[in-house]
Amino acid sequence: MSNALKFVLDPAFSGLDIVKDKINSVCQNLQPWQVVLYTCGTTVVVISVKNFIFNEEEDLVPRMKKKFFRLVKMIPLVKKKIKEEKTKMSYEMEESFHKQVEGYILALPAKGLPMDSVIDELKKYKQIAEIDWESGLVSGTVYNGDPKLTDLMSKTYGMFAWTNPLHADVFPDIRKMEAEVVRMCCSMFNGDSDTAGTMTSGGTESILMACLAYRNIARERGVNIPEIIAPITIHAAFDKAASYFRMKLTHIPIDEETRMVDIKAMRRAINKNTCMLVGSAPNFPHGIIDSIEEICQLGLKYNIPVHVDCCLGGFLVPFMEKAGYKIPMCDFRVDGVTSISADTHKYAFAPKGSSVILYRNKDIRQRQFFVQPNWPGGIYATSSMGGSRAGAIIAACWATLVYFGEEGYVNSTRKIIATTRKITDGLRKIKGMKVYGDPLMSVIGFGSDEFNIFRLADYMTSKGWALNSLQYPNSVHLCVTFVHTHEGVAERFLGDVQKGVIEILKDPNSEIGGMGAIYGMAQTIPDKSMVTELVGCFLDALYSTEKH
């Protein structure tokens, strides 16, 4: 045994002696401080190169592209041109907002206005809006709009306008209502007594909380940059979570035919840093439900949590079966589902600013909590992002849920899905149109292989419609709400699409303007940080109060 070991080690030691002799030869004319300096410098360079190549937050190729474009934008001529374009775009955007109003209040009134005057002013502000959502011309956005429901929410808000769930001892009524909203939602998604959750300010915060919880769990097992694995069609709130919480988001391609996530590609992407797998029920772009059961099989096999983003379908999914529509299981009945996000402000018809994040158990929920035990102001603890929150929104959400009840939501689901199927079938019969995948829920994504679909989007805008423009591929979607179930709305939509397509097919290759030009330009810009900067001009313009 010793001879065999010697046979292996002797060549190794010989090689090591050669290396030592070479190093001594190189360093023989160097002073000690030079040896230390060169060693430290080489170490820094090697570590820097290693960190650049093997950065856990972002892959090498996109980082190299960003670096390249940052250098290009430092060229004086390029920098000047970009500044000119941004200034021009900012001006045009600000003007588009300013033309809707006569002026702005720039400082507090020296003396407060009487209540009647305030109401009069509010009525003037309300007249600024021009798009007629009450007639069903808007995709998503307003999910009910019934005057009786508006009255109920208004009265409820007035009753609890001063409440704040941060102070549960002062407002036990709000604490009780929030707990009941969460429990009702847990029951809806077939959770048991162990399931838990919290209310949030909307779908984005619900998603942020889930990502934060799983990031914290991964950090506890030593993962430096936890990684989210999700379809490319997943909501952009997951990108926001990755940005906010120093996580990495790996987007998985979808099947071009079904528009569902590629399960094999998702499996290949799983690694030691993976902290959660995600599927949509349904996704925002085309209303497709990912194969949650297959994703959960991966989660169980590799011991990875699975989140179901049900923000859009939250108050449709639980009632589909009772409404007479079959969909794949995507709730807590599926072994492996560890969390679900669902918006109450969409198809539950509750006020904006309300959503829920639900977990398989309380242990996961605790990972989203924040506690600061050492603050001089006392022990500070919150269950979600916000500190103070509007108890009135919680109360209005609770009131809406108990007002509709299960029967009410089954009926609304039945009407919404029937209308969606009617529109889907109608679109498929129009020459030149295509519907993406098999939309089982309330969103229909459509496009065309014969003309630029954004021309149709612009045509529909001219007819008063406000639809959602999508990219990769260029497409448009209609999110059907209860407003669209009103008599004649579906027929009007299909009629306008039919007329628009007939008009466009007269010259299918005509130059595109409006939204199509904007999206076309954005997709041809190789430096996506430039798109980010230009969109930033729009966000800045939203707060502009200086008329040119």
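Modeller: Pro 473 sits in the loop between strand S12 (468-470) and strand S13 (475-479). Helices (H or I, at least four residues) and strands (E, at least two) are DSSP runs, numbered from the N terminus. The peptide bond joining Tyr 472 and Pro 473 is cis, with omega about 5°. This is a predicted model, in which local features need pLDDT of at least 70, side-chain atom pairs count only at pLDDT 80 or more, and totals for chains, interfaces and linings use all residues. Residues are numbered from 1 along each chain as its sequence is written, and side-chain values use heavy atoms, with hydrogens and water left out.

A cis bond also joins Ala 281 and Pro 282, with omega about 0°. Pro 282 belongs to the loop between strand S4 (274-280) and helix H11 (292-302).

Next, positive phi values. Asn 303 is not a glycine, yet its phi is positive, near 60°. Asn 303 is in the loop between H11 and S5. Its relative accessible area is 71%, so Asn 303 counts as exposed (over 50%; buried is under 20%, partly exposed in between; 1.4 Å probe, protein chains only). Thr 141 is another residue other than glycine with positive phi, about 70°. Thr 141 is placed in the loop between H5 and helix H6 (147-159). At 48% relative accessibility, Thr 141 is partly exposed.

Now the loop between strand S11 (443-447) and helix H14 (453-462), which holds Ser 448. Ser 448 is buried, because its relative accessible area is 14%. Its side chain makes polar contacts (N or O atoms within 3.5 Å; within protein, one must be able to donate a hydrogen and the other to accept it, and residues adjacent in sequence count only if both atoms are side-chain atoms). Another is with the backbone nitrogen of Phe 451, at 3.3 Å from a polar atom of the Ser 448 side chain.

Asp 449 forms a salt bridge (a side-chain nitrogen of Lys or Arg within 4 Å of a carboxyl oxygen of Asp or Glu) with Lys 434. The closest N and O atoms of that pair are 3.5 Å apart. Lys 434 is in strand S10 (residues 434-435) and Asp 449 in the loop between S11 and H14, so the bridge ties together parts that are 15 residues apart in sequence. Lys 434 is partly exposed, at 29% relative accessibility. Asp 449 is exposed, at 68%.

The structure contains 16 salt bridges. Among them is the pair Arg 259 and Glu 256, at 2.9 Å from N to O. Arg 259 is buried, with a relative accessible area of 3%. Glu 256 is exposed, at 60%. Asp 363 and Arg 367 are bridged too, their closest N and O atoms being 2.9 Å apart. Asp 363 is partly exposed, at 44% relative accessibility. Glu 220 joins Asp 363 and Arg 367 in a network of salt bridges.

On to surface patches. Each is made of residues with over 30% relative accessible area and no salt bridge; like charges are joined within 9 Å, nonpolar side chains (Val, Leu, Ile, Met, Phe, Trp, Tyr) within 5 Å. Areas come from the Shrake-Rupley method with a 1.4 Å probe; for residues, only the protein chains shown count as cover. Lys and Arg count as positive, Asp and Glu as negative; His and the chain ends are not counted. A charge is placed at NZ of Lys, CZ of Arg, CG of Asp or CD of Glu.

Lys 264, Arg 267, Arg 268 and Lys 301 form a positive patch on the surface. Helix H10 (residues 263-269) gives the largest share, 3 residues. Arg 268 is part of H10 and is exposed, with a relative accessible area of 57%. A nonpolar surface patch of about 490 Å² comes from Leu 113, Met 115, Val 118, Ile 119 and Leu 122. Val 118 is in helix H5 (residues 115-126). Val 118 is partly exposed, at 34%.

Arg 63, in helix H3 (residues 60-72), has 10% relative accessibility and counts as buried. Its C-alpha is 32 Å from that of Phe 454, 391 residues apart along the chain. Cys 311 is in the loop between strand S5 (306-309) and strand S6 (337-343). Cys 311 is buried, at 7% relative accessible area.

Last, the whole chain. Its secondary structure comes to 17 helices and 13 strands. The C-alpha trace spans about 90 × 60 × 60 Å along its principal axes. Of the 548 residues, 43% are buried.
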